[in-house]
Protein chains: 2
Amino acid sequence: MTLEPAAAPVPSSSQDGSPGAEVVRPALSDPEYRQGVIELLGLLGAGEYLAFERLVSEAALAPSLSQRVRIADIAQGELGHFHLLRERLIEMGADPDEAMSAFLGPLESYHRMTAPSDWLEGLVKAYVGDSISEDFYREVGAVLDEETAALVLEVCSELGKTAVVIEEVRAAIARDPRLAGRLALWGRRLLGEMLSQAQSVAAEHDGLAALILSEQVSSQIDLFGLVERLTAAHVERMTALGLAA
Amino acid sequence: MTLEPAAAPVPSSSQDGSPGAEVVRPALSDPEYRQGVIELLGLLGAGEYLAFERLVSEAALAPSLSQRVRIADIAQGELGHFHLLRERLIEMGADPDEAMSAFLGPLESYHRMTAPSDWLEGLVKAYVGDSISEDFYREVGAVLDEETAALVLEVCSELGKTAVVIEEVRAAIARDPRLAGRLALWGRRLLGEMLSQAQSVAAEHDGLAALILSEQVSSQIDLFGLVERLTAAHVERMTALGLAA
């Protein structure tokens with residue numbers, strides 16, 4: 001990847017501990033980098049659209065209309081993000097349907113493999129999926145060009161909303177502690193399916209893989225530790241929920 | 001039903017042909033009328049919520065992501081109406097979840113009985129369902145108190161949006177005329193299921209039945225002809241689509 005000579009240095013968001021370190025953010029005028037960003041936004045957009053569709057279909061499992069509507073409202077936010085990402089891809093001169101459709105396959109596989117069998121599994125799935133996605137996009141998003149970083153972080157900031165519904169899971173486990181075993185198993189399965197689909201996504205999408213492995217990204221993110229960090233954060237959330245992960 | 005002595009006469013929207021006729025609109029201070037309105041808004045709200053949920057699940061049948069998103073965007077409008085109706089019920093001092101949940105049963109039966117087997121059936125269903133609902137609510141809404149009438153008509157004005165997607169059905173039939181037979185049969189089935197569920201709704205909800213049969217409503221709407229008019233309008237739409245209804 002070639003650097004733009006005119007690219008301005010910006011404060012580093014790296015984790016190397018040197019507060020004064022400055023990095024040069026990658027520039028969209030680099031065609032290889034630009035292609036990687038298009039693929040990343042395509043992945044994020046396809047993910048948001050399917051999250052919307054799946055959340056709405058899982059809302060039908062809710063025990064009451066008001067709980068159903070709460071999920072529908074969260075889903076609506078995901079459709080809003082999808083549109084933000086779609087507009088940005090158009091602005092970049094990319095075909096958003098093409099960029100996003102390329103990722104529908106593995107994402108739909110993930111959702112098919114993890115269709116919740118009841119309301120609580122649906123809530124845990126929404127929470128686990130959104131949290132891991134948020135962790136991943138926050139790490140990667142932070143070291144991209146400023147415009148892309150701002151968009152990715154904006155979309156991420158909303159992913160955290162699912163955390164609200166998890167109170168309901170906590171209350172259900174308090175009422176019936178036997179639920180904890182089944183839901184803990186479910187949480188492990190969700191993590192496993194996510195990591196497995198993520199690997200096939202990276203293997204099949206060269207531009208995205210090149211972006212993640214590019215010097216500018218990999219010099220700032222400890223890639224070898226990424227899966228470990230995502231897993232550790234997942235385990236922490238599950239434990240806080242009272243689920244042995 | 002008792003009339004408010006202070007109720008102001010408003011121009012008639014009846015079809016009796018006398019342009020100068022004036023009617024006194026019913027008033028929400030009449031408890032029997034108010035109960036009927038709560039049930040009507042509950043029915044409309046439950047219908048909008050389920051239309052949202054079903055449209056989104058049917059979007060998954062679309063051949064491309066952009067077609068899928070178009071349906072999702074229409075669905076989002078229905079969720080918006082649901083919220084308008086919900087807020088109005090709260091304003092009226094009613095419990096919106098109770099008022100709407102009472103109608104989920106027959107409406108879910110309708111959707112279960114008419115699950116589309118492919119994309120085109122889904123489009124025809126959205127169009128047929130929205131159009132018949134719009135015709136019904138427009139007739140009934142027009143003779144209610146002004147506030148309720150304005151809300152019902154606002155919600156209705158959006159139902160017509162589904163008409164846009166029907167161009168796709170027309171184009172598909174033009175490409176493959178053999179589709180017309182199957183879709184015509186489908187349209188007849190949708191009408192039949194709607195009328196049958198409407199009858200069970202009216203039979204089980206006294207307040208709603210009393211509203212429709214009240215002197216103020218029945219003096220302005222030819223109730224005996226209502227089903228006939230809804231059917232005739234449906235046949236006209238199907239014919240315009242190239243489907244023998």
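How much of chain A, with its 245 residues, counts as buried? The answer is 52%, where buried means under 20% relative accessible area, exposed means over 50%, and partly exposed falls in between (1.4 Å probe, protein chains only). Before we go on, some ground rules: this is a predicted model, in which local features need pLDDT of at least 70 and side-chain atom pairs count only at pLDDT 80 or more, while totals for chains, interfaces and linings use all residues. Residues are numbered from 1 along each chain as its sequence is written, chains are lettered from A and ligands numbered from 1 in the order in which they are written, and side-chain values use heavy atoms, with hydrogens and water left out.

Let's start with the layout of chain A. You'll find 11 helices and 2 strands there; these are DSSP runs numbered from the N terminus, with helices (H or I) having at least four residues and strands (E) at least two. Now take the contacts (heavy atoms within 4.5 Å). Among those in chain A between residues at least 6 apart in sequence, 79% join residues at least 24 apart.

Next, the rings. Over all chains there are 6 aromatic pairs. Rings of Phe, Tyr and Trp (its six-membered ring) pair if their centres lie within 6.5 Å; planes under 30 degrees apart are stacked, over 60 edge-to-face, and the rest tilted. A:Tyr49 and A:Phe52 make a tilted pair, 5.9 Å centre to centre with 50° between the planes. Both sit in helix α1 (residues 31–59) of chain A, 3 residues apart, or about one turn of the helix.

Now for charges. Side chains of opposite charge can pair when their charged atoms come close. A salt bridge here is a side-chain nitrogen of Lys or Arg within 4 Å of a carboxyl oxygen of Asp or Glu, and the structure holds 30 of them over all chains. In one of them, A:Arg70 joins A:Glu168, with the closest N and O atoms 2.4 Å apart. A:Arg70 lies in helix α2 (residues 65–91) of chain A and A:Glu168 in helix α7 (residues 166–175) of chain A, so this pair ties together parts that are 98 residues apart in sequence. A:Arg70 is partly exposed at 35% relative accessible area, whereas A:Glu168 counts as buried at 18%.

So where do the two chains meet? Here, 22 residues of chain B are in contact with 22 residues of chain A. The area buried between them is about 2,000 Å², with 64% from carbon and sulfur atoms; buried area is the accessible area (1.4 Å probe) that two parts lose on being put together, summed over both. Between chain B and chain A there are 4 salt bridges. One partner pair is A:Glu108 and B:Arg68, whose side chains meet at 2.9 Å, N to O. On the side of chain B that touches chain A, α2(B) gives the most, with 10 residues. A:Glu108 and B:Arg68 also belong with A:Glu53 to a network of salt bridges.

Finally, visit B:Asp145, in the loop between α5 (119–141) and α6 (146–159) of chain B. B:Asp145 is buried, with a relative accessible area of 7%. Leaving aside neighbours within four places in sequence, B:Asp145 has contacts that include B:Tyr33 and B:Val37.
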